[in-house]
Amino acid sequence: LGKEKFHKSQHWGYCNKIAMLVGEDKPGIGGEPLHGQKLKPKYSVFPRGMGSDAPSWVAFDKQVLSFDAYFSEEVPEKNQELYRIRHCKIYFYLEDDTIQVVEPQVKNSGIPQGTIVRRHRIPLPPPNEDQFYTVEYFNINTEVIFYAQRYKIVDCDQFTKNFLRKLGVRLNPPAYHLEDPYTRARQKIADSIKPLRPYERFDTLRQFLEYDGHVLRFYCMWDDTESMFGDPRELILHYFLADDTIEIKEVIPVNSGRDAVPLFLNRKKLPKYAPAGLYQPGEITDRTVLNVFGGLVGNKGRYILDNRTVHQEFYKDSDLTIGAVINVWGRRVKLCDCDEFTKEYYTTKYGIKDFTPVPFKAPPPPKIERKFPPYTGFGSEEDSLGSCMSLLPQPPQKDFKKFLEKDRKGLESNLLRFLAKFITDNPIDKDRQFIISYFLSDDTISVFETPQRNTGDSILNIQDSEDYPPSRSPSFSIVSEFSANDSVSVTSWILGGKFLERSRIKKPGQELFKSEISEYFKAQDLFVGAKVCFNGHNFHLVDADEYAFNYMEKHADEFPMANISLILNKLKAIGEPSSREIKQIFAATDPEHTKVMEYNPFRNLMVNIAGEKLSEHEIMTIGRYYSVQNEFEMDINFLLAVAQEQLKKNSFEYFGQLSATFVYNDREKCGFLPHEKCRTICKSFRLPVADDLLRALLTMFEDGKEQVDYKKFVNGLNWRENPVPTFQTIKVPIKYEDDWSGQPPSLPVKRIKYLPLIEDVFGTEE
């Protein structure tokens, strides 16, 4: 018998004229199967779609046919049931013709459920066990046999119906769903039992997980004025949405004499009404369990729930609204207001939009104005005022933040310097020049007098010379001539030096002994053209250094005299009624139509137009804004030639170290650094280049975002590798900023482009 089976499944063939034993899968001549040969089982055959060449395992990936089925199972050892109907799901996977049978879980079934047949290809029942189930074997109201277990297919889902119709399968009508008689009997008994089982739980986990950390806040008031020594009490009510509990805190006013207790009401559920008497412990419970039989039936008992329990109604979130009055254990508390989260919660859940608060706080008493005694003259005003503020006087606090921001930082001096002269008729004093320095870090002012020779002779009377004010007397004089009327001719030199110590200066015209703090000079009070009085000395500010002009223009919002927008608006308001005449005056001043004019005629023209309504500083700001930049400022080759000449004279050759420092400070490795950063690095190398020239060179190598291309900058300075032809003459000498001594700036504004000014003020009309 074994030999017969062997010859039945195997046969001989020839390969290269050699007889060989071949497998049972090799077909005969013409592809026809040999006698007794069984081919491999076939897979499901699906009609190919239009233009689709994908295999089935790709085209039908994650597509499953779902059938509802049941099978019957005998129960031989139980009187309550003779058979059992078990419902299940049959899944047919289209990608590989695998089948899976799953039985849904049923509570308290007592039988293993879940996956009955794992996913794999299931063979057909005998005698075709060498073949497998394909999609053609499935239809509604049919039976399939999986490993001797008969399954009745009663229905399928909509996707399965549509797919089978596309394959050309005619679907049978759905079959009747048989019910398990024992399961139906158990459900009938369970439905007839009314009391809840003692082990049944109230599920509060969902509420906790959804609302944990969400708290409603109400501002309340309890009017306790009816009781003896009672008064209104301000409370804050917290409603916890996670477990519907309430907590109340009391807002204790300052100096009220009440003890600061942690809570007015501990966190708990609050009943809606106060009972006549307190319940005994154990009287209020979630449920009461009764033992029906007691100990009559041995150790067994039967328990049911008692419906005669005490039910209490507690406050919920729906009961809490603005204006409502709640009962807090006999105390009537009125809800007057709530926070923003509570308003959003009630708007979202209940659609409430009216949250008008109920006024419950008494208006605050009028604030008593504190009156301080007048200044006594001892110490500073701030120090004397500190002794009136507290029993332990504290030293006056300085603005430390302003000091850190406005103190000198590297090359930023934060120092405004102005050139000033005396306002006097004295022939000696009227030519004296002073440098007024304003320190932005602490609002202090110092005055320095520049040394200057008083040219010319002045006639002084010897008898009156003793009464001459010492502060205005010449520092050094030489008697050059005597006259018959006891008068002398004196030629004097002003030696210069410190005129006023650095300190804050009070504005004139204020009462000395008063209760208020005196007003001091600010940075906005100093500008070109201003007249100030420092301790009885009247000064006229006639000029300022370049840093002061740049700083005030950079911070134009703080200095209205340097704000070009405000100045143009003021000029427009002044000259708009006679705009045509003003344009004709400008045109007459420029007969050659060069569209530029010198600064002095421009200044005189602005004074004639505005009179005293525009200060000298405002006119200078307009001139600086519309000035014509000199040609040598735009010539980078000229600037590089001057810089290389200075570097060559000082034998500066540390260009490699300078470039390495730039690369080290470039954290982003983008090849660009801020202007001030590059300037600081150059100063750290003691680069022998004037500061004005250095600023101009860095500006030439900037991009649109004030970032300097330091590689091109260093290559331009390298006089060894990239020499620039030198110029024979230097038109304008370049000075250091710190050397400013009150003289006119090195690069003054010379010419003004008046046509853009007219267009900005009066429009583009010809």
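Let me start at N255, which is exposed in this predicted model, with a relative accessible area of 77%. You will find N255 in the loop between β11, residues 245–251, and β12, residues 265–268, and its phi is near 60 degrees, a positive value in a residue other than glycine. The reason to stop at such a value is that most residues other than glycine have a negative phi.

Now please hold that residue against N414, whose phi is near 50 degrees and again positive in a residue other than glycine. N414 is found in the loop between α8, residues 400–406, and β17, residues 415–422. Is N414 buried or exposed? With a relative accessible area of 7%, N414 counts as buried, because the cut-off for that class is under 20%.

Staying with the backbone for a moment, the peptide bond from P126 to P127 is cis, with omega near 10 degrees, and P127 is found in the loop between β6, residues 114–120, and β7, residues 142–146. As a rule, most peptide bonds are trans.

Let me turn to the strands. Strand β3, residues 64–74, pairs with strand β4, residues 83–93, in the antiparallel sense over 11 bridges, and E74 stands opposite Y83 in β4. Strand β4 also pairs in the antiparallel sense with strand β5, residues 98–103, over 5 bridges, and there Y93 has T98 in β5 as its bridge partner. Between β4 and β5, which form a hairpin, there are 4 residues, and D97 in that turn has a positive phi of about 60 degrees.

Next, a pair of helices. How do the axes of α15 and α18 cross? The axes of helix α15, residues 636–649, and helix α18, residues 691–700, come within 10 Å and cross at roughly 135 degrees, which makes α15 oblique to α18. The crossing in which α15 passes α18 is left-handed. On the α15 side, the residues in contact are I636, L639, L640, V642, A643 and Q646, and they meet L693, A696, L697 and M700 in α18. Sorted by class, that contact has 9 nonpolar residues, 1 polar residue and no charged ones.

Finally, the overall picture. The protein has 20 helices and 29 strands, and buried residues make up 32% of its 766 residues. Of the contacts with a separation of 6 or more, 57% are accounted for by residues 24 or more positions apart.

Definitions and conventions:
Residues are numbered from 1 along each chain as its sequence is written. This is a predicted model: local features need pLDDT of at least 70, side-chain atom pairs count only at pLDDT 80 or more; totals for chains, interfaces and linings use all residues. Side-chain values use heavy atoms; hydrogens and water are left out. Two strands pair if DSSP finds at least two bridges between them. Helices (H or I, at least four residues) and strands (E, at least two) are DSSP runs, numbered from the N terminus. Axes are lines fitted to C-alpha atoms, for helices over the stretch in contact, and angles run from 0 to 180 degrees between N-to-C directions. Angles under 35 degrees count as roughly parallel, over 145 as roughly antiparallel, 65 to 115 as roughly perpendicular and the rest as oblique. A crossing is left-handed if the near helix is turned anticlockwise from the far one by less than a right angle, and right-handed if clockwise. Contact means heavy atoms within 4.5 Å. Ala, Val, Leu, Ile, Met, Phe, Trp, Tyr, Cys and Pro count as nonpolar, Asp, Glu, Lys and Arg as charged, and the others, Gly among them, as polar. Buried means under 20% relative accessible area, exposed over 50%, partly exposed in between (1.4 Å probe, protein chains only).
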